Amino acid sequence: MSKELSYSDVSEHTSKKDLYMVIHDKIYDASSFVDEHPGGEEVMLDVAGQDATEAFEDVGHSDEAREILNGLLIGTLQRKDGDPKPNVGGGSLASSAPKPGAVQSQGMGMTLYAVLLVGGALAFFAYQYLNAKA
Ligand code: HEM
């Protein structure tokens, strides 16, 4: 029962009893879960009918939360030119926020670790080498 909906379709479902949200370009019907949400209904209603990708990811939801999310999936977002920019939470300047679905910083994090590791190893061996010479 997967359907393709446009952003404007989604934006019509903003009430507690009829609450859609977009996360990573997938559409979720959170109506049945609002009352049970450990983070409260307020935050869910804040992103009702909008792109909640950043709000959802910022919290660092658990795998369990992601499983619940999977169960609420109803379709895929069909982006059209001229769609309103997704409001990525906070209600602040959406244009300055990173694009939802953009490559997450995870890749960068790994690179950073690699650089630190290799740099650390080099420093260690240089230290050993210089010590041995002295
Ligand atoms: C349908 C979408 C969502 C689902 C299924 C969901 C599910 C959950 C679950 C299961 C937890 C418990 C902790 C965990 O397992 O990570 C949680 C906590 C939380 N959620 Fe969500 N969530 C959703 C959307 C959101 C959104 C859009 C926000 C907006 C900021 C949000 C904010 C929070 C916060 C702040 C907590 C922490 C509550 C606490 O520990 O006191 N959630 N959520």
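Which residues does the UniProt annotation "transmembrane region" cover?

1. The annotation comes from an unreviewed UniProt entry and covers residues 110-130. The model discussed here is a predicted one. In that model the chain over residues 110-130 is 100% helix and 0% strand.

2. Five strands make up an open sheet with mixed pairing, and their order is β1-β5-β4-β3-β2. The edges are taken by β1 (3-6) and β2 (14-15). Each of these has a single partner strand, so one side of each is left without a neighbour in the sheet.

3. The pairings can be followed strand by strand. Two bridges link β2 with β3 in the antiparallel sense, and Ser 15 has Asp 18 of β3 as its bridge partner. β3 and β4 also run antiparallel, joined by four bridges. Here Ile 23 is partnered by Lys 26 in β4. On to β5 (residues 73-78): β4 is joined to this strand by three bridges, again with an antiparallel run. Lys 26 stands opposite Thr 76 of β5.

4. The connection between β3 and β4 deserves a separate look. The two strands form a hairpin with two residues between them. His 24, in the turn, has a positive phi of about 50°. Asp 25 also belongs to the loop between β3 (18-23) and β4.

5. Val 34 sits in the loop between β4 (26-29) and α2 (41-46). Val 34 has 18 C-beta neighbours inside 10 Å and is therefore classed as partly exposed. Apart from neighbours within four places in sequence, the contacts of Val 34 are Lys 16, Leu 19, Glu 41 and Met 44. Between Val 34 and Asp 18 there are 9.9 Å from C-alpha to C-alpha, and the two are 16 residues apart in sequence.

6. The largest nonpolar core has 17 residues, of which Met 21, Val 22 and Ala 52 touch the most other members. The elements giving two or more residues to this core are α1 (7-10), β3, β4 and α3. The largest share, five residues, comes from β3. In soluble globular proteins, nonpolar side chains tend to be buried together.

7. Last, the ligand. Which residues are the closest to the ligand? They are Gly 39, Val 43, Ala 55, Ser 62 and Ala 65, out of 20 residues that surround the ligand. Two or more residues of this shell come from each of α2, α3 (53-59) and α4 (63-71). The largest share, four residues, is given by α4. By type, the shell around the ligand divides into 15 nonpolar residues, four polar and one charged.

How values were computed:
Residues are numbered from 1 along each chain as its sequence is written. This is a predicted model: local features need pLDDT of at least 70, side-chain atom pairs count only at pLDDT 80 or more; totals for chains, interfaces and linings use all residues. A residue is buried if 20 or more other C-beta atoms lie within 10 Å of its own, exposed if 12 or fewer, and partly exposed in between; C-beta atoms are placed from the backbone. Two residues are in contact if their C-beta atoms, placed from the backbone, lie within 7 Å. A residue is near a molecule or strand if its C-beta atom, placed from the backbone, lies within 6 Å of it. Ala, Val, Leu, Ile, Met, Phe, Trp, Tyr, Cys and Pro count as nonpolar, Asp, Glu, Lys and Arg as charged, and the others, Gly among them, as polar. UniProt positions are given in the numbering used here, feature names are shortened, and annotations may be inferred rather than shown by experiment. A nonpolar core is a set of buried Ala, Val, Leu, Ile, Met, Phe, Trp, Tyr and Cys residues joined through C-beta atoms within 7 Å. Two strands pair if DSSP finds at least two bridges between them.
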